[in-house]
Amino acid sequence: MPATETAAPAATGAAARFFTELGRSGRLPQLGTVSGTIRFDIVDGSDVERWYVTLAKGDVSVSQNDRESDASARAERALFDGIASGRVNVVAAMLRGLVEVDGDLGLLMVFQKLFPGPPRAGDTER
Amino acid sequence: MRATQKGERVTGDLVQILEGNTFVVSDRRGDIEASSTDPTGLFSFDTRCLSRWVLTVNGQRLTPLSTDDLQYFETRFFLVPGTGTVYVDAKLSVIRERSVGEGFHEELTILNHDDAAIDLDVRIDVGCDFADLFEVKDALAKKGTYETRVEDNQIMLGYRRDTFFRATRITASEPAQVDERGLTFSAKIEPHGRWTTDLDVVVVIAGYNESRDDPTHESDSKKRHPSLAKGLDRWIDHAPQLESTDDALRQTYRRSLVDLAALRFSTRTMPNRYLPAAGLPWFMTIFGRDSIFTSLQALPFMSELAATTLLTLGERQGSRIDDFRDEDPGRILHEMRFGEMTAFEERPHSPYYGCADATPLYVVLLDEYERWTGDHKLVRELEYPARAALNWIDEYANLQGNGYIAYKRRNEETGLENQCWKDSWDSISYRDGTLPGFPRATCELQGYAYDAKVRGARLARTVWHDPEFADKLEKEAADLKRRFNRDYWLPDDEYYAVALDADGRQVDALTSNIGHLLWSGIVDRSKAKSVVRHLMGPRLFSGWGIRTMAEGEGRYNPIGYHVGTVWPFDNSFIAWGLRNYGFKEEAAVVAEGILNAAEFFEGRLPEAFGGYLRSTTKYPVQYPTACSPQAWSTGAPLLLLRTMLGLEPAGENLIIDPSLPASVGRIELLDIPGRWGRVDAFGRGRVDTTKLKSRRR
């Protein structure tokens with residue numbers, strides 16, 4: 001499986017950085033037990049930036065091309081930037097209804113491990 | 001809390017049924033009238049989704065004739081109108097048949113036994129406070145606002161706090177007059193006729209199923225029944241069969257299997273997977289420690305609990321540093337919650353990781369699972385989480401810098417102070433009762449770490465094909481054992497300190513923790529006899545079992561939660577440890593005491609009972625606790641059966657080496673599943689426990 005596919009050049013910002021880096025990360029053994037595709041919709045006014053992440057027992061590929069998904073998560077861009085930088089905890093945000101989810105929640109619960117932890121004292125702000 | 005006949009799930013006079021993490025607790029009429037602190041209602045995803053559900057006929061409440069617990073997810077209430085204690089109008093019968101799915105379904109039927117037709121006003125009052133389980137337990141106030149929407153034959157109760165929204169939709173199949181407080185039906189019933197309506201109560205969660213046209217498609221609990229019922233039958237059929245001359249033991253065994261089935265937990269975040277939740281009703285959620293201990297107890301009987309526990313906890317293993325959640329990379333979670341307080345980060349359970357034992361125990365369970373099942377595929381799949389867990393021990397848990405696992409919460413507001421199984425505030429103390437500071441390194445954690453390294457080495461050698469890693473772990477284990485036996489041993493008293501304090505000083509109270517050390521194998525052979533002498537001596541052994549803390553210690557209290565009570569779960573692991581060190585007869589004494597106690601609770605052991613001397617009270621005094629059944633108490637008789645029969649996997653064979661108390665008589669455990677296929681174990685009670693007990697006094 002290819003480690004990465006191309007992201008649309010229009011996508012910039014924290015979300016694009018997060019997914020682009022993820023596509024380059026190669027094998028992620030901490031996700032070794034799950035397979036499936038998650039669709040992320042990042043909402044910015046009337047625009048929706050869409051990312052697909054396919055997990056295959058530890059192999060990860062990222063794409064912006066349409067494909068079938070097993071789970072989906074939808075959030076406003078400002079919120080997603082917070083999640084991607086560790087300032088917002090995605091599980092708590094899901095429970096507050098800020099991240100709209102559907103499909104295989106188990107897949108999302110495993111995926112959320114990839115988001116960074118909160119910045120700690122002494123860390124430089126991302 | 002008390003046990004009742006027929007295995008009804010009853011809390012005082014309350015009846016509860018459940019499925020997954022959804023459960024209903026009502027009174028014996030089927031009514032729910034919850035106050036803010038009262039534990040009745042429909043609960044789903046750690047939120048109370050219905051707090052009022054009261055049936056009246058012509059303005060009258062009803063009287064229960066009987067309550068049938070059909071299955072753990074289904075109850076039938078037989079009622080008659082009127083609340084008088086003497087006169088009961090027998091011309092009408094009312095039947096409420098209720099089953100839980102995601103929400104609940106109730107079929108309400110009224111039978112007219114009279115020769116004349118009758119017109120009735122049938123009313124269901126509804127209401128909801130949407131309390132978080134934490135708020136019910138701690139009696140906290142709500143911060144959001146309520147809303148109610150009335151539609152045709154339907155009422156929607158909602159609660160909103162910013163973007164957080166939960167709602168409960170109640171729909172009737174018969175025409176009803178609906179107002180904000182309930183539904184009223186005009187029922188005309190012919191002579192000897194009947195009237196029926198279906199009532200569906202559906203839970204709506206913002207961001208999940210709120211915007212769907214028909215969230216009921218998942219909640220039609222009625223349709224789910226056949227598979228649920230079949231699931232229970234299959235569950236019991238697949239477990240080994242116990243034949244015994246001891247009726248009480250057979251009852252306890254069956255009770256354990258049924259209760260474990262009820263405690264199996266699954267949610268939409270892990271569909272088609274079941275792992276043991278900690279206890280009913282408050283702990284229908286993922287707990288690292290409880291799920292692992294229960295899976296270990298149940299391994300010889302149903303290994304799939306261990307498989308799902310390992311998978312689920314591995315998938316949710318800590319991956320980053322998060323002080324609020326006490327999360328570290330490789331750490332196994334403590335508890336997961338889905339309620340409002342977790343959503344707003346007023347509680348850290350999303351999930352919370354403040355637990356120091358689940359991580360080494362994860363590796364212990366993985367190895368024990370392999371020894372029973374030979375399932376190399378799963379052990380290979382879980383190599384990463386197992387290695388990360390082993391890494392956590394040295395990299396993140398060495399808080400005192402001396403190579404021992406220690407704990408100190410980083411979330412000082414809502415985190416847990418004691419991150420070992422004895423998690424109450426006063427559980428770890430010096431002999432004089434004073435409490436040590438943090439970080440604390442309790443002794444059993446070092447035992448678990450040792451066992452994790454030994455077992456991790458075995459898996460590295462046999463399954464992961466990494467002999468270098470195996471060598472390294474074995475060396476570390478041997479070193480840990482050597483240091484532990486030097487640093488924790490109290491030479492004058494001849495037992496191990498319960499902990500090392502922040503200065504590395506020995507915390508010297510005598511506790512049951514030393515029994516877990518036998519189970520882990522960290523005890524020097526030369527010291528085992530002294531440890532056993534303390535465990536079976538009068539200060540720790542009550543006659544029913546081994547107390548959490550020895551009589552005579554500063555904080556000892558026979559009804560103190562972790563400072564003198566007897567815990568069946570604790571005793572089952574100590575009995576296993578006694579067997580491991582060759583003290584078969586002592587293990588039989590402990591097993592007999594706990595199994596005798598179970599008879600007083602119709603086979604359902606409570607979480608704990610008082611540390612009073614058996615000869616004084618004659619019966620085990622139950623500790624008042626919120627949860628029954630409790631998973632690891634339910635698992636205790638299973639592990640005790642294993643230890644009494646001396647079941648031990650050895651390669652592709654199962655060793656059977658029975659050492660049963662004489663009072664048990666004969667036992668046959670048939671079709672024990674494992675890598676050997678299925679084998680039978682037979683044993684006859686030959687251990688005269690009275691002799692052993694009198695010798696100890």
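This is a predicted model: local features need pLDDT of at least 70, side-chain atom pairs count only at pLDDT 80 or more; totals for chains, interfaces and linings use all residues.

Modeller: Residues are numbered from 1 along each chain as its sequence is written, and chains are lettered from A and ligands numbered from 1 in the order in which they are written.

Biologist: What makes a residue of chain B count as buried, and what percentage of chain B is buried?

Modeller: A residue is buried if 20 or more other C-beta atoms lie within 10 Å of its own, exposed if 12 or fewer, and partly exposed in between, with C-beta atoms placed from the backbone. By that count, 55% of the 697 residues of chain B are buried.

Biologist: Why is H12(B) called mostly covered?

Modeller: Helix H12 (residues 513-520) of chain B has 8 of its 8 residues buried, and among them are His516(B), Leu517(B) and Trp519(B). A helix here is a DSSP run of H or I with at least four residues and a strand is a run of E with at least two, both numbered from the N terminus. The buried residues of H12(B) pack against strand S22 (441-442), helix H10 (443-462), strand S24 (495-496), helix H13 (525-536) and helix H14 (568-580) of chain B. After H12(B) comes Gly521(B), whose phi is positive, near 85°.

Biologist: How do you know that the length of H10(B) agrees with its number of residues?

Modeller: The expected span is 1.5 Å times one less than the number of residues, so the 20 residues of H10(B) should span 28 Å, and the end C-alpha atoms are 29 Å apart, which agrees. H10(B) is also mostly covered, with 17 of its 20 residues buried.

Biologist: What makes H15(B) largely enclosed, and what distance does H15(B) reach from its first C-alpha to its last?

Modeller: In H15(B), 12 of the 16 residues are buried, so this helix is largely enclosed by the rest of the structure; the buried residues include Glu586(B), Glu592(B) and Leu595(B). Helix H15 (residues 584-599) of chain B reaches 23 Å from its first C-alpha to its last, close to the 22 Å expected.

Biologist: How do you know that S30(B) and S31(B) pair, and in which sense?

Modeller: Two strands pair if DSSP finds at least two bridges between them, and strand S30 (residues 666-674) of chain B and S31(B) have 7 bridges in the antiparallel sense. Leu669(B) stands opposite Ala681(B), and Ile667(B) stands opposite Gly683(B). Strand S29 (residues 660-661) of chain B runs parallel to strand S31 (residues 677-687) of chain B, joined by 2 bridges, with Val687(B) as the partner of Pro661(B).

Biologist: Why are S19 and S29 of chain B placed at the edges of their sheet?

Modeller: The open sheet of 4 strands in chain B has the order S19-S30-S31-S29 with mixed pairing. Strand S19 (241-244) and S29 of chain B each have a single partner strand, so one side of each is left without a neighbour in the sheet.

Biologist: Which strands stand at the edges of the 5-stranded open sheet of chain A?

Modeller: The order in chain A is S3-S2-S1-S4-S5, with mixed pairing. Strand S3 (59-63) and strand S5 (100-103) of chain A each have a single partner strand, so they stand at the edges. The twist averages 15° from one strand to the next, where axes are lines fitted to C-alpha atoms, for helices over the stretch in contact, and angles run from 0 to 180 degrees between N-to-C directions. Strand S2 (residues 47-56) of chain A is joined to S3(A) by 5 antiparallel bridges.

Biologist: What makes up the contact between chains A and B?

Modeller: Two residues are in contact if their C-beta atoms, placed from the backbone, lie within 7 Å, and the contact takes 29 residues from chain B and 25 residues from chain A. On the side of chain B that touches chain A, H5(B) gives the most, with 3 residues.
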